[in-house]
Amino acid sequence: KLFLDDIFNKFHANMVGEQKADSVYEVSGLQFLVNLKGLSDIGITNNQIEKVNEIIEETINSLLNNPNSRELFIKLCESEGFFIGHSLLIIYIAGRICREANHNFLSTMKKICAASFYHDFSLFALDVKYDELKAVEITDPDLLKQVLDHPSASAHFLPANIELLEDTKKIITEHHELPNGDGYPRKLTASQIAPLSCLFILSQQISFCLIRNNFSQDRLKDFLVNSESTFDQGNFSKYYQLALTIF
């Protein structure tokens with residue numbers, strides 16, 4: 001089995017091209033892996049990363065000072081898995097779009113950053129680890145309930161004194177809604193989903209595309225072009241058009 005796994009990994013690497021190496025980013029004694037080469041390939045500069053990192057560091061320090069989330073967050077970081085990796089990527093993608101959106105960058109990114117780290121907290125606590133959950137594919141009724149409830153359950157981990165609490169809660173509770181109304185838990189449409197939730201959802205979908213495709217620029221362009229009918233509507237439209245231009 002080990003031999004076959006090694007052969008497959010080499011074969012797969014040759015097919016998809018050289019894997020882009022992660023760099024270690026340390027905050028408050030915790031280490032995170034950030035794909036700086038991948039971010040550079042899609043046009044995010046070191047200066048833009050540094051500006052976002054300032055907000056990430058402030059958010060992580062608040063997480064570590066929150067007794068409701070401290071131990072779980074440390075456990076999440078130590079897992080070095082999908083949860084923490086895609087949370088960081090969402091923040092960098094949203095930060096790049098936010099730069100062009102005429103928003104107050106600091107205020108907006110504080111909300112996005114907190115929402116990104118907290119949005120799947122309740123799933124991690126339940127040890128339910130899925131790469132992009134699809135509720136329609138879940139047959140276990142107990143698991144389905146946990147999945148449908150996880151946006152609101154995750155929001156409860158936020159500390160009561162967090163800056164911009166209500167806006168951040170809204171992003172978390174709406175992060176699985178979809179423009180066509182097929183999302184959950186409230187089946188909101190593109191015009192009903194809050195604008196910053198739309199920014200978060202689109203950034204999340206872009207991050208899924210990048211993770212699946214090793215930060216391929218061509219794959220990202222294909223995804224954005226093919227997503228016009230999905231995201232070029234309602235409160236998503238502004239962010240979609242900016243993402244299309246940027247990436």
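## The nonpolar core

Let's start in the middle: the largest nonpolar core holds 69 residues, and Phe73 and Phe247 have the most contacts inside it. Helix H5 (residues 82-99) gives this core its largest share, 10 residues. A nonpolar core here is a set of buried Ala, Val, Leu, Ile, Met, Phe, Trp, Tyr and Cys residues joined through side-chain atoms within 4.5 Å. In soluble globular proteins, nonpolar side chains tend to be buried together.

Who does Phe247 touch? Leaving out residues up to four places away in sequence, its partners are Ile42, Ile44, Ile93, Arg96, Ile97, Ile206, Leu220, Lys221 and Leu224. A contact means heavy atoms within 4.5 Å.

## About the model

This is a predicted model, where local features need pLDDT of at least 70 and side-chain atom pairs count only at pLDDT 80 or more, while totals for chains, interfaces and linings use all residues. Residues are numbered from 1 along each chain as its sequence is written, and side-chain values use heavy atoms, with hydrogens and water left out.

## The loop between H9 and H10

Pro179 sits in the loop between helix H9 (165-173) and helix H10 (195-212). (Helices are DSSP runs of H or I with at least four residues, strands are E runs of at least two, and both are numbered from the N terminus.) Pro179 counts as buried because its relative accessible area is 3%; the cut-offs are under 20% for buried, over 50% for exposed and partly exposed in between, using a 1.4 Å probe and protein chains only.

Setting aside neighbours within four places in sequence, Pro179 is in contact with Thr189, Ala190, Ile193, Thr230, Phe231, Gln233 and Phe236.

## Two asparagines with positive phi

Asn102 isn't a glycine, yet its phi is positive, about 60 degrees. You'll find Asn102 in the loop between H5 and helix H6 (105-118), and it is exposed, at 74% relative accessibility.

Asn214 has a positive phi too, about 55 degrees, and it isn't a glycine either. Its place is the loop between H10 and helix H11 (217-226). Is Asn214 buried or exposed? It is buried, with a relative accessible area of 13%.

## Cysteines

How many disulfides are there? The count is 0, taking a disulfide as a pair of cysteine sulfur atoms within 2.5 Å. Cys113 is buried at 0% relative accessible area, and Cys209 is buried at 6%.
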